[in-house]
Amino acid sequence: MTKRLIASAALACGLLLPNAHATNFNYNHIQINVLANPSGLGGLARFAFMEGAHFVAKGDTQFEGDWYTSAGAGFHAPVNEFVDLYGEIEAAWLRRPEDDKHDTGDIATVIGGGARAWIAPPFEATMYVGSIIFDKDDSESIVELGGRFHSTEALSLGATWRANGLEENRLIFSVRYLY
């Protein structure tokens with residue numbers, strides 16, 4: 001009797017809980033960013049190398065002797081049929097325009113995670129929180145909030161607000177090609 005009750009309860013929970021076996025978003029894309037306040041250009045690329053895992057590479061510059069480049073790996077997983085969670089760890093090499101003590105740039109580790117959610121069929125909302133870690137005593141926070149309009153299955157337009165300790169608050173406009 002107890003075994004039947006446990007089996008029935010497990011079956012009911014399995015049938016009632018939403019099952020999500022694949023991610024809700026494409027993690028194979030190339031993105032071009034236009035940075036505002038101060039202006040600049042940037043890019044981002046992600047490549048899913050297995051189900052639930054991806055490589056990531058990022059870069060941007062304000063054309064003032066500065067750069068930000070990073071590369072690493074991450075995970076992505078569905079929460080339900082509308083929301084994905086993702087996380088990434090990256091090695092970064094960067095130099096800010098006002099940095100006079102690091103002529104060849106500085107090395108850091110970037111760790112962060114976020115969520116992507118469908119708020120309507122062509123509209124996506126994004127949130128990312130992370131940290132740029134220079135050494136055990138020096139780190140800067142990263143917060144990004146944004147949205148994307150998926151005009152076709154292969155192309156989307158986005159706007160993101162980024163705040164971190166390396167630069168002032170910044171608005172980023174992007175075009176993403178999904179392959």
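A polar contact is a pair of N or O atoms within 3.5 Å; within protein, one atom must be able to donate a hydrogen and the other to accept it, and residues adjacent in sequence count only if both atoms are side-chain atoms. The model is predicted: local features need pLDDT of at least 70, side-chain atom pairs count only at pLDDT 80 or more, and totals for chains, interfaces and linings use all residues. Residues are numbered from 1 along each chain as its sequence is written, and side-chain values use heavy atoms, with hydrogens and water left out.

**View 1**
E124 belongs to strand β7; strands (E, at least two residues) and helices (H or I, at least four) are DSSP runs numbered from the N terminus. E124 counts as buried because its relative accessibility is 2%; buried means under 20% relative accessible area, exposed over 50%, and partly exposed in between (1.4 Å probe, protein chains only). Its side chain makes a polar contact with the side chain of H150, at 2.6 Å. Residues up to four places away in sequence aside, E124 touches F25, R116, A117, W118, G146, G147, R148 and H150. Contact here means heavy atoms within 4.5 Å.

**View 1. The closed barrel.**
Ten strands close into a barrel, in the order β1-β2-β3-β4-β5-β6-β7-β8-β9-β10, with antiparallel pairing. From one strand to the next, the twist averages 20°. The angles run from 0 to 180 degrees between N-to-C directions, with axes as lines fitted to C-alpha atoms. Two strands pair if DSSP finds at least two bridges between them.

Strand β4 (residues 67–78) and strand β5 (residues 83–95) run antiparallel, joined by 12 bridges. They form a hairpin, with four residues between the strands. P78 has D84 of β5 as its bridge partner. Strand β5 also pairs with strand β6 (residues 106–120), antiparallel and over 12 bridges. Here E88 is bridged to G112 of β6.

**View 2. The largest nonpolar core.**
The largest nonpolar core has 13 residues, and A92, L94, A108, V110, I132 and F134 touch the most other members. Strands β5, β6 and β7 (123–135) each supply at least two residues of this core. Such a core is a set of buried Ala, Val, Leu, Ile, Met, Phe, Trp, Tyr and Cys residues joined through side-chain atoms within 4.5 Å. With neighbours within four places in sequence left out, F134 contacts L94, D106, I107, A108, S139, E140 and L166.

Most residues other than glycine have a negative phi, and most peptide bonds are trans. The peptide bond from N37 to P38 is cis, with omega near -5°. P38 sits in the loop between β1 (29–36) and β2 (40–50). N37 is also found in the loop between β1 and β2. N37, a residue other than glycine, has a positive phi, near 55°. N37 is exposed, at 59% relative accessibility. F63 lies in another loop, between β3 (53–61) and β4. Its phi is positive too, near 65°. F63 is exposed, with a relative accessible area of 59%.

**View 3. E167 in strand β10.**
E167 is part of strand β10 (residues 167–178). It counts as buried, at 14% relative accessibility. E167 and R96 are 71 residues apart along the chain, yet their C-alpha atoms are separated by 8.3 Å. Neighbours within four places in sequence aside, E167 is in contact with Q62, R96 and R162.

Rings of Phe, Tyr and Trp (its six-membered ring) pair if their centres lie within 6.5 Å; planes under 30 degrees apart count as stacked, over 60 as edge-to-face and the rest as tilted. By this rule there are five aromatic pairs. One of them joins F49 and F55: the ring centres are 4.2 Å apart and the planes at 25°, so the pair is stacked. F49 is partly exposed, at 37% relative accessibility. F55 is partly exposed as well, with a relative accessible area of 42%. F123 and F149 make a tilted pair, 5.3 Å centre to centre with 40° between the planes. This pair links distant parts of the chain, F123 in strand β7 and F149 in strand β8, 26 residues apart. F123 is partly exposed, with a relative accessible area of 39%. F149 is partly exposed, with 34%. Strand β8 (residues 138–150) is joined by nine bridges to strand β9 (residues 155–164), and the two run antiparallel. F149 has L157 of β9 as its bridge partner.
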